[in-house]
Amino acid sequence: MIRMAAPFKDPRTGILYFRRVIPAALRPFFDGASSEYKRTLDTRDPDEARQRYHPHAIVYDQKLAAARRSLASQQLRSARSMVDAYLDGVSEQQLQGMAQKLASLEVGAFQHAHGLTDYDPGSRYDFGSPPERPDLQNFGDRKTMLEAVPDFSPLPWLETLRRISTLPSLDPIDWAILAIAFNSGIAQPIDPALYEAIGQAYFDRLCEVCTPKIDPARVRILPSAIPFSVVPSTHHAATGLQSAETSSNAPTPTITKVFEDWAVSQPREPKLVDEWRTAITRFARLHDDPPVDTITASMVRTYRRTCAALPSRVGKAIRALPLLEQVELAKAQGLKVLAPATVNKALSAIRVTLDHAVEELEVITENVAKAVKSLPKNEIEDPRLPFEPQDLVKIFSAELPNKSGVAPSTLAWTLLLAPFTGCRLEELGKLRPGNVRTYDGIPYIAIEPDRLRVREEQECPAKRMKTASAKRDIPLHPILIQAGFLDLVNKRRERMPNGFFRNWTPTNMAAGHSAFRG
């Protein structure tokens, strides 16, 4: 009878614990943990402990899955290095010969299974279920026809490699895996996970040289002339032919490197870059900064679930913890978690970064993050409710803060303009006298960006719009006029050089940029 998992009771104190054994190979990924994962349930009551047990089990399973992914990624990187070292100096033609040999063994195994040959070397291996006898004849004829055409000859070998890579056993290339391990000093028996990783890396190298490519200029299939980048066999099966422009010796960049390339590819808002860098850093911490061609929609969904459970507005000590431990801490202490809007911003960072990898870098062909839905927003509670009257009294009756480099009059006018205009603080801080105008006797504030030429030539901070809809005209409230705002604007205009508003050039604009701010 299978015994269900239950809380562990400390024999000395009677406190109940969540306790699970950590597989030996995954212990290094549990932040140096010992042989077990143990968390207190902070109770001696069995019923209460059972209620608290399940959340800890979920966190443990998430940690275990993340550790397995990290181990697999680590072993695949090690396996690729081993395969590269073993095949160093081996020509492309020799690698294609290995693939051709496997294709011949597969045909021989299928023929032997139908009794067409008394003995065949391929019969020693399990190549899966052979095609029916009439189909086998067509299969062999097609293979012979393609191999007779130089441009198409690698295609049947590539198809064989893809079929073998999906088999439960890697027996057809067992000899190669053992040779690669021996060459790297790996003792027998080989760890099963490392065995699989070496087999996958070896298949990847053979698939590289057997994948035809298309020359866009000639619009025809050409034989491989340069080595292809290492791509997992599942990726080959999904994408088929690969263009020459996306093939290189360089490894596929990680998501962090792709983001940094996106950040400098054109001018970006520093605040947006900082926010998205935080989101990308979290994804890299959760998934060990994976190459973008290994990212799946499932990984993005795991990231979405993790972000939705992360605590918000916590100290540096908590932010420094692994993400899953932050999730566990938030659940245990009932901390406030990230809002759905914040999580959706993080998802936007992943989508845009992968889009950059597809459109600009051309290192992947599909953005898997687009298949992941955003979290629904909480429509019941509106976090942007207006201040209550008593709150406004406290704000406007309090003493002005002493902010270094900012005049008290600037703070006073900023506080007064904000509730009567609805402008962002950045918009108010960059106002100039020229932004206050009159139309048909009605004074208004024009919120608008600087022209591109001005932004490139002026030395002072430029005015940009957060969104296209941010450009707008705001009529002045009568209270602002009564408070003397127009008088302030006129005084600032008097300080400008003569003809400043008639000849609005980058030079005199830079000279008058700060004149509005006390």
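My entries follow, starting with the ground rules.

**Ground rules.** This is a predicted model, so I note that local features need pLDDT of at least 70 and side-chain atom pairs count only at pLDDT 80 or more, while totals for chains, interfaces and linings use all residues. Residues are numbered from 1 along each chain as its sequence is written, and side-chain values use heavy atoms, with hydrogens and water left out.

**Overall layout.** I looked up the secondary structure and got 20 helices and nine strands in the protein chain. Helices (H or I, at least four residues) and strands (E, at least two) are DSSP runs, numbered from the N terminus. The chain has 518 residues, and 40% of them are buried. Here buried means under 20% relative accessible area, exposed means over 50%, and partly exposed is in between (1.4 Å probe, protein chains only). I put the accessible surface at about 30,100 Å², with 54% of it belonging to carbon and sulfur atoms. Those areas come from the Shrake-Rupley method with a 1.4 Å probe, and for residues only the protein chains shown count as cover. For contacts I used heavy atoms within 4.5 Å. Of the contacts between residues at least 6 apart in sequence, 61% join residues at least 24 apart.

**Salt bridges.** My rule is a side-chain nitrogen of Lys or Arg within 4 Å of a carboxyl oxygen of Asp or Glu. By this rule I get 17 salt bridges.

- Glutamate 36 pairs with arginine 19, and their closest N and O atoms are 2.7 Å apart. This pair links distant parts of the chain, with glutamate 36 in strand 3 (residues 36–40) and arginine 19 in strand 2 (residues 16–21), 17 residues apart. Glutamate 36 is partly exposed at 22% relative accessibility, and arginine 19 is partly exposed at 35%.
- Arginine 205 meets aspartate 84 at 2.9 Å, N to O. Arginine 205 is in helix 6 (residues 192–210) and aspartate 84 in helix 1, 121 residues apart. Arginine 205 counts as buried at 15%, whereas aspartate 84 is partly exposed at 37%. I also found Asp84, Arg205 and Glu208 linked in a network of salt bridges.
- Glutamate 260 and arginine 277 meet at 3.0 Å, N to O. Glutamate 260 lies in helix 8 (residues 255–265) and arginine 277 in helix 9 (residues 270–287), so the pair ties together parts 17 residues apart in sequence. Glutamate 260 is partly exposed at 31%, and so is arginine 277, at 29%.

**Aromatics.** I counted rings of Phe, Tyr and Trp (its six-membered ring) as a pair if their centres lie within 6.5 Å; planes under 30 degrees apart count as stacked, over 60 as edge-to-face and the rest as tilted. The whole structure gives 10 aromatic pairs. One of them is phenylalanine 110 with phenylalanine 139, edge-to-face at 6.1 Å centre to centre and 65 degrees between the planes. Phenylalanine 110 sits in helix 2 (residues 92–113) and phenylalanine 139 in helix 3 (residues 133–147), 29 residues apart. Phenylalanine 110 counts as buried, at 5% relative accessibility. Separately, Phe18, Tyr37, Tyr53 and Tyr60 form one aromatic cluster.

**Histidine 56.** I found histidine 56 in helix 1 (residues 46–86). Is histidine 56 buried or exposed? It counts as buried, at 13% relative accessibility. Leaving out residues up to four places away in sequence, histidine 56 touches Phe18, Arg39, Thr40, Leu41 and Glu328.

**Cysteines.** How many disulfides does a search of the whole structure find? I got zero, taking a disulfide as a pair of cysteine sulfur atoms within 2.5 Å. For cysteine 210, the nearest cysteine sulfur is that of cysteine 207, 7.0 Å away. Cysteine 210 is buried at 0% relative accessible area, and cysteine 423 is buried at 8%.

**Surface patch.** Phe387, Leu392, Ile395, Phe396, Leu400 and Leu415 form a nonpolar patch on the surface, with about 510 Å² of accessible area together. Patches are made of residues with over 30% relative accessible area and no salt bridge, with like charges joined within 9 Å and nonpolar side chains (Val, Leu, Ile, Met, Phe, Trp, Tyr) within 5 Å. Helix 14 (residues 389–397) gives the largest share of the patch, three residues. Isoleucine 395 is in helix 14 and is partly exposed at 32%.
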